[in-house]
Amino acid sequence: MIRAKLGLLIRLIDTTTGAAVEESNVRFFVNGQMARPAPRGNGSFVFINIERTDFSLSVRVYGFEEASVEVRFEELDDRIPTCDIFLIPSEKNAKGETVIGIFGNLPFLEAIEAIDLNRPLCRISDFTEKTRKMTVIKQTGRMLDMNDGHYGLLKADMKSYEKFVVSGTDVAQHLILKEPLTDPYTVNAPIGRIVFGQTDGAGNYLLRVRDDSKTLVYLVRYVVKGEVRFRQVDFHDPETFDLAKE
């Protein structure tokens, strides 16, 4: 009897929309060597019967910037180890849609991401720490599809946010968080989906969003030498782009 064991599930996600990347022109590299995980549809690929040894994983997808992640199995679910790779659309992406971004160099930069300040997905109503259950208020006319996603809960001053991950939902307006919130929150505070950028270890950064609104004001969260910082960026105003500017 031949048994197949899931080694790693890879999910390719367009970081600007949160949607699965279903482009067929995809190449994977494990520790620099080409690899061929099996496609499973909806932007998913799987490695079967591999040793669960940590490795570097790179992916090149047509219409997107190349992305690399470090796969550390001790940080993943033992039953279904899952690696989400958030891809940044290239300026000339496959669907011809317009993106706009910021880039530059900030010494000792470790990470960069952002949430939209003007178009929240929903707002918090209540949170129960014991069950990690968050009750939210849906925005009018919006579907609430927040499974397995990374989000930010804005603080009262709108100058920072707390990150959280949704592991599931039980009813339309209840989210189950992977970990409990650690900071106080304000009822009706906005919740936004996190758009991830890229850094390269040398201080270079890139962050893009869809150029789909007259108002593109985001709260950017970035980490420098372990220090978390926030800056409001208007993607239509270059004067706000320089993260090194005080």
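Modeller: Happy to! One term to begin with: two strands count as paired if DSSP finds at least two bridges between them. Please also keep in mind that this is a predicted model.

Let's take the open sheet built from four strands, which follow one another in the order β17-β10-β20-β21 with antiparallel pairing. Its edges are β17 (195-196) and β21 (227-234); each has a single partner strand, so one side of each is left without a neighbour in the sheet. As background, strands of a sheet pair through backbone hydrogen bonds, and they can do so in a parallel or an antiparallel way.

Now look at the pairing of β10 with β20. Strand β10 covers residues 109-116 and strand β20 covers residues 217-224, and seven bridges hold this antiparallel pair.

For comparison, here is another group of strands. Strand β15 (residues 174-177) runs antiparallel to β12 (residues 133-138), and three bridges join them; in this pair, T135 stands opposite H174 of β15. Strand β14 (residues 161-169) is also joined to β15 by three bridges, again antiparallel, with G168 having I176 as its bridge partner in β15.

Strand β14 also holds V166. Buried means under 20% relative accessible area, and V166 counts as buried because its relative accessibility is 1%.

Stepping back to the whole chain, you will find 21 strands and zero helices. The C-alpha trace spans about 60 × 40 × 35 Å along its principal axes. A compact globule of 246 residues would have a radius of gyration near 18 Å, and the 19 Å of this chain agrees with that. Buried residues account for 40% of the 246. Of the contacts between residues at least 6 apart in sequence, 64% join residues at least 24 apart.

Finally, the surface: the chain exposes about 13,900 Å², and carbon and sulfur atoms supply 47% of this area. There are 32 positive and 36 negative charges, and their mean positions lie 3 Å apart.

Note on methods: Residues numbered from 1 in each chain as written. Predicted model: local features only at pLDDT ≥ 70, side-chain atom pairs only at ≥ 80, totals over all residues. Heavy atoms only, no water. Helix = DSSP H or I, 4+ residues; strand = E, 2+ residues; numbered from the N terminus. Rg over C-alpha atoms; globule rule 2.2 N^0.38 Å. Buried < 20%, exposed > 50% of the residue type's maximum accessible area, 1.4 Å probe, protein only. Contact = heavy atoms within 4.5 Å. Areas by Shrake-Rupley, 256 points an atom, 1.4 Å probe, with all protein chains shown as cover. Lys, Arg positive; Asp, Glu negative; His and termini not counted. Charge placed at Lys NZ, Arg CZ, Asp CG, Glu CD.
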